[in-house]
Amino acid sequence: MHYQILGEPLPVVECQLAMGECMITEKGAMSWMSPNMKMETVGGGVGKMFGRMFSGEAMFQNRYTAMGGNGMIAFASSFPGSIRAFNIAPGQEIIVQKSGFLASEATVELSVFFQKRIGAGFFGGEGFIMQRLSGHGVAFVEIDGYAVEYNLGPGESMVIDTGYVAAMSGTCSMDIKSVPGIKNALFGGEGLFNTVVTGPGKLILQTMPINNVAGAIAPFIPKSN
């Protein structure tokens with residue numbers, strides 16, 4: 001499979017497949033394709049289906065296979081930002097935000113990732129339930145806005161406003177840290193808790209979380225009577 005990512009900040013990834021090669025994607029992600037691409041809707045078992053539902057994706061996935069020759073298929077982002085390609089392999093798993101998965105080779109596995117810490121579970125918001133990409137192959141992930149990368153060393157941490165975490169290496173850990181001081185928490189405008197990601201591993205942050213955008217424009221949307 002060969003690919004190219006085009007058109008930021010409204011990106012699309014165009015994939016060229018050899019005969020018999022397959023890709024999986026979430027419902028509605030396909031944008032255009034050659035006529036010899038065969039689509040099948042698959043579930044992959046009850047456990048995986050419910051895991052995808054809890055991680056913010058549809059219970060069923062679409063599988064596209066190039067039939068009778070080489071094929072082409074394209075997947076567009078659903079929000080202005082970036083599409084990043086990740087090479088998934090044993091020991092090189094990544095954790096991504098809910099609804100961040102766009103498409104991948106069929107050998108990549110998508111499963112739910114729960115934070116183990118109770119604090120992250122109750123107060124982590126989007127950080128509590130994420131997606132784990134494992135197996136092997138290329139996976140494409142949507143990122144809201146511009147992507148900023150950091151390589152964290154062992155024990156090195158970053159404090160992040162919840163929602164800005166787009167992806168991280170499977171070797172990273174995530175926890176919740178309360179904003180210090182009652183006045184800061186109540187009047188600082190940054191909420192009560194921040195997310196703390198600790199290395200080792202790669203951390204990718206996004207500059208325009210879709211939830212923040214929705215909150216910013218909500219006051220200007222006329223309310224129906």
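**Close-up views of the predicted model**

A search of the whole structure finds three salt bridges. The model is a predicted one.

**View A. Arg84, Glu149 and Lys202 are linked in a salt-bridge network.** Glu149 pairs with Arg84; their closest N and O atoms are 2.3 Å apart. Glu149 is partly exposed, at 38% relative accessibility. Lys202 is partly exposed at 33%. Arg84 is partly exposed at 25%.

**View B. Glu93 forms a salt bridge with Arg132.** The closest N and O atoms of Glu93 and Arg132 are 2.8 Å apart. Distant parts of the chain are linked here, 39 residues apart. Glu93 lies in the loop between S8 and strand S9 (94-96), whereas Arg132 lies in strand S12 (residues 129-135). Glu93 counts as partly exposed, with 28% relative accessibility. Arg132 counts as partly exposed too, with 23%.

**View C. The second largest pocket holds about 280 Å³ of space.** It is lined by 15 residues. Closest to the pocket centre are Phe86, Gln92, Ile94, Ser169 and Lys202. Strand S8 (81-88), strand S16 (165-169) and strand S19 (201-206) each give two or more residues to the lining. S8 supplies the largest share, four residues. By class, the lining has five nonpolar, six polar and four charged residues. Lys202, one of the residues closest to the pocket centre, also belongs to the salt-bridge network of View A.

**View D. Four strands form an open antiparallel sheet.** The strand order is S1-S2-S7-S4. Strand S1 (2-6) and strand S4 (30-33) are the edge strands, each pairing on one side only. On average, neighbouring strands of this sheet are turned by 20° against each other, direction ignored.

**View E. S1 pairs with strand S2 (residues 12-17) in the antiparallel sense.** Five bridges join the two strands. Gln4 stands opposite Glu14 in S2.

Conventions: Residues are numbered from 1 along each chain as its sequence is written. This is a predicted model: local features need pLDDT of at least 70, side-chain atom pairs count only at pLDDT 80 or more; totals for chains, interfaces and linings use all residues. Side-chain values use heavy atoms; hydrogens and water are left out. On a 1 Å grid over the protein atoms alone, a cavity is a set of points where a 1.4 Å probe fits but cannot get out, and a pocket is an open set with protein on both sides within 12 Å along at least five of seven lines; lining residues have an atom within 4 Å of a point. Grid points are joined across faces, edges and corners, and a volume is the space filled by probe spheres set on the points. Ala, Val, Leu, Ile, Met, Phe, Trp, Tyr, Cys and Pro count as nonpolar, Asp, Glu, Lys and Arg as charged, and the others, Gly among them, as polar. Two strands pair if DSSP finds at least two bridges between them. Axes are lines fitted to C-alpha atoms, for helices over the stretch in contact, and angles run from 0 to 180 degrees between N-to-C directions. A salt bridge is a side-chain nitrogen of Lys or Arg within 4 Å of a carboxyl oxygen of Asp or Glu. Buried means under 20% relative accessible area, exposed over 50%, partly exposed in between (1.4 Å probe, protein chains only).
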